[in-house]
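Thanks for making the time this morning. I would like to walk you through one structure, and I will ask you to keep it on the screen while I talk.

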Amino acid sequence: MLSLFVYNRNKKNAVHLNERCVGYIKSTDKQLDKNECFDDPSRLISMTCSFGGKSLYMIRRDDSKLEKIAESIRLSNDRNYIVLVLQSPDEMFDAVTPSVRPSGFLLEDTDDVRLERLIDEIYADHERMNELISRESYSFKISGKEFSASFCKIMLIEVQSKKIKFHTDSQIFEFYDSLESVMNSAPDYFLRIHRSYVVNANYIKEVNYKERTLLMKDESQIFFSRNYCDNLKEFFKNTLKENFF
């Protein structure tokens, strides 16, 4: 579900564009989460810093703080959409910078057909990305904000009572969930090795069955339980068979 935020120093223009967008979205089967207009860049930046949901931002390009606004939007959620509202097509060339990276452009006096086509394209892309992520990633919430982690980047899943920890190469995500829910979505290469641990087999460098330890690609060691020893052996046995041509 997308949220819609419209920014223009001219409040009247911001409200008008917002009403057109919301009117069209509501006339279709598209869903809209939050919706708000802004004419103060500081308020917009403050909101984006505290809101992590995926959103469509329609920003009037004539603001000296455009790059700062774009930076806060990307930091909030790198999958946000930024549409720059232009007064004329000539503004497009100055608007495309590495820090802004707009998802699209819209003329301030555009007709309904072009506006609706843009909204349709963004919602279609949003649905495609959600479908792709749902197959390859796991979504969760931390302090009310939505996050997702790609399974291929998760090295270790740690279970602590009702908390789950995703250990990746660069950070640890800690959130409330059930291991059953995670494992129902996880690919087959995630192996339960202990009451408290599930590992991504692609990160295993070496298995020591005598010491019951796994040497991971980052050179860390993880102990596995005797109860899961057979599971490890069976997995690697099947893997060898699948890779034999």
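Predicted model: local features only at pLDDT ≥ 70, side-chain atom pairs only at ≥ 80, totals over all residues.

Residues are numbered from 1 along each chain as its sequence is written, and side-chain values use heavy atoms, with hydrogens and water left out.

Let me begin with the whole protein. It contains 7 helices and 15 strands, where helices (H or I, at least four residues) and strands (E, at least two) are DSSP runs numbered from the N terminus. Along the principal axes, the C-alpha trace spans about 70 × 40 × 30 Å. The radius of gyration is 23 Å, whereas a compact globule of 245 residues would have one near 18 Å; that radius is taken over C-alpha atoms, and the globule rule is 2.2 Å times the number of residues to the power 0.38. Of the 245 residues, 42% are buried, and here buried means under 20% relative accessible area, exposed means over 50%, and partly exposed lies in between, with a 1.4 Å probe and protein chains only. Among contacts (heavy atoms within 4.5 Å) with a separation of 6 or more, 54% are between residues 24 or more positions apart.

Now to the interior. In soluble globular proteins, nonpolar side chains tend to be buried together. A nonpolar core, as I use the term, is a set of buried Ala, Val, Leu, Ile, Met, Phe, Trp, Tyr and Cys residues joined through side-chain atoms within 4.5 Å. Which members of the largest core touch the most other members? Those are Leu 17, Met 58 and Ile 119, in a core of 21 residues. The elements that give two or more residues to this core are β1 (2–7), α1, β3, β4 (81–86) and α5, and the largest share, 6 residues, comes from α1. If you look at Ile 119 and leave aside residues up to four places away in sequence, you will find that it touches Cys 21, Tyr 24, Ile 25, Lys 30 and Met 58.

Helix α3, which covers residues 66–76, also has a buried set, namely Leu 66, Ile 69, Ala 70, Ser 72, Ile 73, Arg 74 and Ser 76. These buried residues pack against β1, α2 (41–50), β3 and β4.

Next, the charged pairs. How many salt bridges does a search of the whole structure find? The search finds 8, counting a side-chain nitrogen of Lys or Arg within 4 Å of a carboxyl oxygen of Asp or Glu. I will show three of them.

One joins Asp 112 to Arg 20, at 2.8 Å from N to O. Asp 112 lies in helix α5 (residues 112–136) and Arg 20 in helix α1 (residues 11–27), so the pair links parts of the chain 92 residues apart. Asp 112 is partly exposed at 43% relative accessibility, whereas Arg 20 is buried at 18%.

Another is formed by Asp 120 and Lys 30, whose closest N and O atoms are 2.8 Å apart. Asp 120 is in helix α5 and Lys 30 is in the loop between α1 and β2 (32–38), 90 residues apart. Asp 120, at 30%, is partly exposed, while Lys 30, at 19%, counts as buried.

In the remaining example, Glu 108 meets Arg 60, with the closest N and O atoms 3.6 Å apart. Arg 60, in strand β3, is buried at 3%, and Glu 108 is partly exposed at 30%.

Finally, the strands, which pair if DSSP finds at least two bridges between them. An open sheet of 5 strands runs in the order β10-β9-β8-β12-β11 with antiparallel pairing, and its edge strands are β10 (172–176) and β11 (190–192). Within this part, β8 (residues 154–160) and β12 (residues 197–200) pair over 3 bridges, and Ile 157 stands opposite Val 198 in β12.

Elsewhere, 4 bridges join the antiparallel strands β13 (residues 204–208) and β14 (residues 213–216), with Asn 208 opposite Thr 213. This hairpin has 4 residues between its strands, and Arg 212 takes a positive phi near 55° there.
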